[in-house]
Amino acid sequence: MIRLILADVDGTLTEDRDTYRLDLDAVAALRLAEKMGIKVGLVSGNSYPVLRGLHQYMGLSGGVVAENGCVVYLQHFERLCEKLERKLAQEFSDTFGLAQSWQNPYRESDYAFYLRDDFDTNQAKKWASSHGLTLRYSGYAVHISVNSEGKALGVRRLIQLSGLEREQVAAIGDSSTDIELLKEVGYPVALANSTQDLKESSIMITRSKSGKGVVEMVHAVLRERGVTS
Ligand SMILES: O=C(O)COP(=O)(O)O
Ligand SMILES: [Mg+2]
């Protein structure tokens, strides 16, 4: 029986994959899950303060995985990765001409950058590996990180802190950065507008995109628990 739902944020809880506007129906569905006794956690490439704030104001209790797996919060804060020197973020930004995310001052192990059309992914991957780092793209931002396992690292710790087995956990996401999230849970769900590689990592693909797909997923989980919805 599912006891915890883990949701990605950008592209998943939003109205679509190209906006930061939260889908209010998705927020309501996650609150309904909490009311029915299923905890909801957020697993994202965003920084800890952003996720901790969202978790609190959305009324969730399942915890947070931030910085693509490097930070976990469930009643207390844990950083699971080494810190990455800030000057490397500046060097990456200068080398590839990418603006730094406004959240970079609040990150310590995974830095994010806004993509440009002329971005050379192969060169950036080479740069990252020559610095012992991993490059990821969420559909919203390019990330460099000390963490080669991505969201899986934080998700395993969050599930452990929750005292649950992976079979009791469902997860939903929209991009390649969620493959590492979905592979850690018993009920992996992709959205209608997820990237193809993520769909291949799921056992359910929603009919609707982004936030409306989250609503479908929550109702599927509630049905599985015998709660008619
Ligand atoms: O930080 C990003 O680039 C996107 O974050 P996400 O993991 O919530 O999609
Ligand atoms: Mg996303």
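The model is a predicted one, so local features need pLDDT of at least 70 and side-chain atom pairs count only at pLDDT 80 or more, while totals for chains, interfaces and linings use all residues. Residues are numbered from 1 along each chain as written, chains are lettered from A and ligands numbered from 1 in the order written, and side-chain values use heavy atoms, leaving out hydrogens and water.

D8 is found in the loop between strand 1 (4-7) and helix 1 (24-35), and D174 in the loop between strand 9 (169-173) and helix 6 (179-182).

What do D8, D10 and D174 coordinate? They hold the magnesium ion (ligand 2), through D8 (OD), D10 (O) and D174 (OD), at 2.1 to 2.2 Å. Donors are N, O and S atoms within 2.8 Å of the metal (3.2 Å for Na, K and Ca), and with water not among the atoms, sites may look incomplete. Along the sequence the donor residues follow the spacing D-x1-D-x163-D.

As for surroundings (contact means heavy atoms within 4.5 Å), D8 touches, beyond four places in sequence, residues including K151, D174 and D178. The side chains of D8 and K151 are joined by a polar contact of 2.9 Å, that is, a pair of N or O atoms within 3.5 Å; within protein, one must be able to donate a hydrogen and the other to accept it, and residues adjacent in sequence count only if both atoms are side-chain atoms. D174, again leaving aside neighbours within four places, contacts D8, D10, T12 and R17, among others. Its side chain makes a polar contact with that of T12 (3.4 Å).

Note on methods
Helices (H or I, at least four residues) and strands (E, at least two) are DSSP runs, numbered from the N terminus.
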